[in-house]
Amino acid sequence: MASVSLSSFCLTQKPSSLFLTSTDRSLFASHSPQFRSAKKFPIRISVCRAGPVFFRNLDADDFRHPLDKQNTMLLRVIPGLDELVKSLLGTVAEQVMLLENIGTSVLVAQNQLPELHQLMVEAAEILNVEAPNLYVRQNPVPNAYTLAISGRKPFVVVHTSLVELLTRRELQAVLAHELGHLKCDHGVWLTFANILTLGAYTVPGLGGLLAQRLEEQLFRWLRAAELTCDRAALLVAQDPKVVVSVLMKLAGGCPSLSDQLNVDAFLEQARSYDKASSSPIGWYVSNAQNRQLSHPLPVLRAREIDEWSRSQEYISLLRRATPIKSV
């Protein structure tokens, strides 16, 4: 049975129905003991190699976040999960979601918005993944999401407001984030988060309890998966300031103020948040606020990508990369 998968990059609230638009909670739940406590870090972030490179034979596990690996394993041991999602999805659901996006968007190609087409092609080449179709959709909420339908070529949808908000390099980082979901096969699990929780709620009695526990586990995984895809964005941008700038603009940017935004000041916010949530009361409040949310807080995502950009793991990946112009 086929499956439909939806992932998104930007900032919206928790979904309440099966056929969703984009689903971003953009908050980081620190309630789980799996998430390490924050540590101090330098405010100035590094600038990596300027020339674009691609990663020959890049595997998803080369950049997958440890929490992504851990929580994916926890989901895989849930008995009957694959069979359940297959029973909830079918060709009708596929066609509804497919036609909804195709019918209301503009398909990007070499002769249609060629700049955006080139950004996607290059990002896919860098990550060593097949480029999906790309659509641009009129929407005032800055967002991007991915649909992966088995047996069909996946596609990414970008909202016009996101195109207006970001520079071209930042927009390519967003496309790379979405490609990260495809590279890491996140689509199936994102479908579970959106569909199985809704389905479990329909079961009388046990359904509510089952849905709550499953929802918490899936959201824990989603938070970790977003950290992985931010790493994919950095592998393409090859400059952590580009990725951090995207997160900053999504948190509180607009086109008229973009030239006044400060990446280093945004990273300083992460330290302020860490300090405010370090007390017992702050820890409790932070956990209560973030428990039902799927995405890490933008400032903490920025901190994570800053730290990874200076890690030996990332440096080793760059060393084995090949300049695109030499291929």
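A residue is called buried when its relative accessible area is under 20%. In this predicted model, aspartate 230 falls within that class because its relative accessible area is 1%. Its salt-bridge partner is arginine 301, with N and O 2.8 Å apart. Arginine 301 belongs to helix 12 (residues 298–309) and aspartate 230 to helix 8 (residues 206–237), so the contact ties together parts of the chain separated by 71 residues in sequence. Arginine 301 is likewise buried, with a relative accessible area of 1%.

Altogether, twelve salt bridges are counted. Another of them joins arginine 320 to aspartate 62, where the closest N and O atoms lie 3.1 Å apart. Here too distant parts of the chain are linked: 258 residues separate arginine 320, in the loop between helix 13 (312–319) and strand 7 (322–323), from aspartate 62, in the loop between strand 2 and helix 1. Both ends are partly exposed, arginine 320 at 40% relative accessibility and aspartate 62 at 21%.

A further pair, arginine 310 and aspartate 306, meets at 3.3 Å from N to O. In this case aspartate 306 is buried, at 0% relative accessible area, while arginine 310 is partly exposed at 34%. Salt bridges also link Asp61, Arg64 and Asp68 into a network.

Turning to the backbone, asparagine 57 has a positive phi of about 60° without being a glycine. Asparagine 57 sits in the loop between strand 2 (53–54) and helix 1 (66–76) and is exposed, with a relative accessible area of 62%. Leucine 113 also has a positive phi, near 55°. The loop holding leucine 113 runs between strand 3 (105–107) and helix 4 (114–127), and leucine 113 is partly exposed at 36% relative accessibility.

Definitions and conventions: Residues numbered from 1 in each chain as written. Predicted model: local features only at pLDDT ≥ 70, side-chain atom pairs only at ≥ 80, totals over all residues. Heavy atoms only, no water. Helix = DSSP H or I, 4+ residues; strand = E, 2+ residues; numbered from the N terminus. Buried < 20%, exposed > 50% of the residue type's maximum accessible area, 1.4 Å probe, protein only. Salt bridge = Lys/Arg side-chain N within 4 Å of Asp/Glu carboxyl O.
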